[in-house]
Amino acid sequence: MNTITKALFAGCFALATAGTALAQDNPMVGGAAMFADKNIVENALNSKDHTTLVAAVKAAGLVETLQGAGPFTVFAPTNAAFEALPAGTLDTLLKPENKDKLVKVLTCHVVGAKAMAADVQKMITDDGGKHVIETLGGCKLTAEVKDGMVMLTDETGGTAKVTIADVVQSNGVIHVIDKVLLPAG
């Protein structure tokens with residue numbers, strides 16, 4: 001092998017290895033690899049556990065926003081979390097005439113910063129056990145640690161547990177949660 005061929009081979013191997021590492025560094029979500037070089041929407045589309053969230057983001061017209069530069073932290077409810085809402089709630093929110101309400105609910109899951117789990121836990125500790133997080137939707141979520149897990153309480157008193165933390169995206173981070181967070185009123 002000549003020097004140029006060796007250099008090209010080494011470069012291709014390094015690129016292939018880097019691409020693999022980007023997925024291997026992230027936890028699997030919904031049976032799919034999550035790639036740190038893809039944005040929030042690109043990765044969410046691959047998660048079989050987030051098809052309802054993706055449909056809601058599309059209905060709300062938030063795809064372009066969540067593909068933007070960010071950084072964003074998204075607390076991403078699973079399909080099961082949406083199914084646990086009272087009967088008819090999701091169907092009502094997905095109606096075109098309720099787009100503003102849907103946008104409000106979804107943006108109550110988005111923070112305009114990249115907050116890794118360690119960052120959130122430090123804020124909780126620094127604030128004496130509870131930390132208020134303001135979302136892009138204007139909602140206030142209260143974060144605390146219970147039984148070693150980060151819990152979020154929404155404005156209605158509902159709680160969600162972070163089940164998968166630190167899914168790094170090119171424009172932020174996703175933390176998978178087990179309940180839908182709701183705004184007051």
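Visitor: Where is the place of Glu 83?

Guide: Glu 83 sits in helix 5, which covers residues 79-83. Helices are DSSP runs of H or I with at least four residues, strands are runs of E with at least two, and both are numbered from the N terminus. The model is predicted, so local features need pLDDT of at least 70 and side-chain atom pairs pLDDT 80 or more, while totals for chains, interfaces and linings use all residues. Residues are numbered from 1 along each chain as its sequence is written, and side-chain values use heavy atoms, with hydrogens and water left out.

Visitor: What makes Glu 83 count as exposed?

Guide: Its relative accessibility is 63%. Exposed means over 50% relative accessible area, buried under 20%, and partly exposed in between (1.4 Å probe, protein chains only). Glu 83 therefore counts as exposed.

Visitor: Why are helix 3 and helix 7 called oblique to each other?

Guide: The axes of helix 3 (residues 51-60) and helix 7 (residues 99-107) cross at roughly 130° and come within 9 Å. Axes are lines fitted to C-alpha atoms, for helices over the stretch in contact, and angles run from 0 to 180 degrees between N-to-C directions. Under 35 degrees counts as roughly parallel, over 145 as roughly antiparallel, 65 to 115 as roughly perpendicular, and the rest as oblique. The angle falls in the rest, and helix 3 and helix 7 are therefore oblique.

Visitor: What is the handedness of the crossing of helix 3 and helix 7?

Guide: The crossing is left-handed. That term applies if the near helix is turned anticlockwise from the far one by less than a right angle; clockwise would be right-handed.

Visitor: Which residues make the contact?

Guide: Helix 3 contributes Leu 53, Ala 56, Val 57, Ala 59 and Ala 60, and helix 7 contributes Lys 99, Leu 102, Val 103 and Leu 106. Sorted by class, there are eight nonpolar residues, no polar ones and one charged residue. Here Ala, Val, Leu, Ile, Met, Phe, Trp, Tyr, Cys and Pro count as nonpolar, Asp, Glu, Lys and Arg as charged, and the others, Gly among them, as polar.

Visitor: Why does Ala 56 count as buried?

Guide: Ala 56 belongs to helix 3. Its relative accessibility of 1% is the reason why Ala 56 counts as buried. With neighbours within four places in sequence left aside, Ala 56 is in contact with Leu 94, Leu 102 and Leu 106.

Visitor: What do the buried residues of helix 3 and helix 7 pack against?

Guide: In helix 3 the buried residues are Thr 52, Leu 53, Val 54, Ala 56, Val 57 and Ala 60. They pack against helix 2 (40-44), helix 4, strand 1, helix 5, helix 6 and helix 7. Helix 7 has Leu 102, Val 105, Leu 106 and Thr 107 buried, and these pack against helix 3, helix 6 (89-93) and strand 2.

Visitor: How do you know which residues the disulfide joins?

Guide: A disulfide is a pair of cysteine sulfur atoms within 2.5 Å. Cys 108 and Cys 139 have an S to S distance of 1.6 Å and are joined by a disulfide. Cys 108 lies in the loop between helix 7 and strand 2 (110-111), and Cys 139, 31 residues apart from it, in the loop between strand 3 (131-134) and strand 4 (140-146). Both cysteines are buried. The structure holds one disulfide.

Visitor: Where is Asp 166, and why does Asp 166 count as partly exposed?

Guide: Asp 166 is in strand 6 (residues 159-169). Its relative accessibility is 24%, so Asp 166 counts as partly exposed. Asp 166 has a positive phi of about 60° although it is not a glycine.

Visitor: Why does Asp 147 count as exposed?

Guide: Asp 147 has 82% relative accessibility and therefore counts as exposed. Asp 147 lies in the loop between strand 4 and strand 5 (149-153), and its phi is near 55°, a positive value in a residue other than glycine.

Key:
Contact = heavy atoms within 4.5 Å.
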